[in-house]
Amino acid sequence: MSSPCDPQHAPVGDVGAALMMIDSRLKSVYDGNTETDPEQQALMDQFTASLGPGGADAVLDGACTLIFMFMKWLRLAYEDHDKDVIEYVVPNLVATMRMMPKSVRPEVIPTMAGLVVAAGTGLSPNLWRKQYGYWTEDEMTPLEATAFLLAEHINRLTDDRDFATRMIAEALSGADEA
């Protein structure tokens, strides 16, 4: 029986814009810039404002698609070692988010953990979340942090700072060619 949260029912969104945002954050952190650069933040704010409501929703859907794709890769990688992706990813994600109280309010951490569990079990994180109502403003930064942390987890596992971004870019290129 098909679930209403099956990824085939989910909008893909603007994966390219979401990936650009995550890649930008990864590069900043890898360069040692853990504080938000005011100039970079202004550019991101300007970019986000230029999208309008439909464009912002598309980037939100794109971020959820990234989370789904990252968790699919992680699930396959952990299964190759007879390990459960939920057991190895979710506690690490929650612990890291708990150390980010300025960016991630404690009350949204269970939602982000739920998104990751949904994606790790093959469900659309966006459709899973929407069954509880529309996204809140308080969930936007934690959603970005979730995608960032999953990408960084993949990069650490592969010992390649660009692996997660490259994997998605190659998947997008393949989709364009098909």
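1. Let me start with Arg-166, which is partly exposed at a relative accessible area of 34%; on this scale buried means under 20%, exposed over 50%, and partly exposed in between, with a 1.4 Å probe and protein chains only. Arg-166 sits in helix H7, residues 163-177. Helices here are DSSP runs of H or I with at least four residues, numbered from the N terminus. The C-alpha atoms of Arg-166 and Leu-19 are 9.9 Å apart, although 147 residues separate the two along the chain.

2. A word on what we're looking at: this is a predicted model, where local features need pLDDT of at least 70 and side-chain atom pairs count only at pLDDT 80 or more, while totals for chains, interfaces and linings use all residues. Residues are numbered from 1 along each chain as its sequence is written, and side-chain values use heavy atoms, with hydrogens and water left out.

3. Have a look at H2, residues 38-79. A straight helix of 42 residues would span 62 Å at 1.5 Å a residue, yet H2 spans only 41 Å between its end C-alpha atoms; the expected span is 1.5 Å times one less than the number of residues. There is a bend of about 115° at Gly-52, and Pro-53 follows within four residues. That bend is the angle between axes fitted to the seven residues ending at a residue and the seven starting there.

4. Helix H4 (residues 109-120) has twelve residues and reaches 16 Å from first C-alpha to last, close to the 16 Å expected at 1.5 Å a residue. Ten of those twelve residues are buried, so H4 is largely enclosed by the rest of the structure. Among the buried ones are Ile-109, Met-112, Leu-115 and Val-116. The cover over them includes H2, helix H3 (85-98), helix H5 (125-130) and H6.

5. Pro-110 also lies in H4, but Pro-110 is exposed, with a relative accessible area of 56%. Its C-alpha is 8.1 Å from that of Val-94, 16 residues away along the chain. Just after H4, Gly-122 takes a positive phi of about 90°.

6. Which helices each supply at least two residues of the lining of the largest pocket? They include H1, H2 and helix H6 (140-158), and H2 gives the largest share, twelve residues. In all, 40 residues line this pocket, with Arg-25, Met-140, Thr-141, Glu-144 and Ala-145 nearest its centre. The space inside is about 1200 Å³. For the method, a pocket is an open set of points on a 1 Å grid over the protein atoms alone, where a 1.4 Å probe fits, with protein on both sides within 12 Å along at least five of seven lines; lining residues have an atom within 4 Å of a point. Points are joined across faces, edges and corners, and the volume is the space filled by probe spheres set on them.

7. Cys-5 is buried at 5% relative accessible area, and Cys-64 is buried at 2%.

8. Last, Ser-28 in H1 (residues 15-30). Ser-28 is buried, with a relative accessible area of 16%. Neighbours within four places in sequence aside, Ser-28 is in contact (heavy atoms within 4.5 Å) with Asn-33 and Gln-40.
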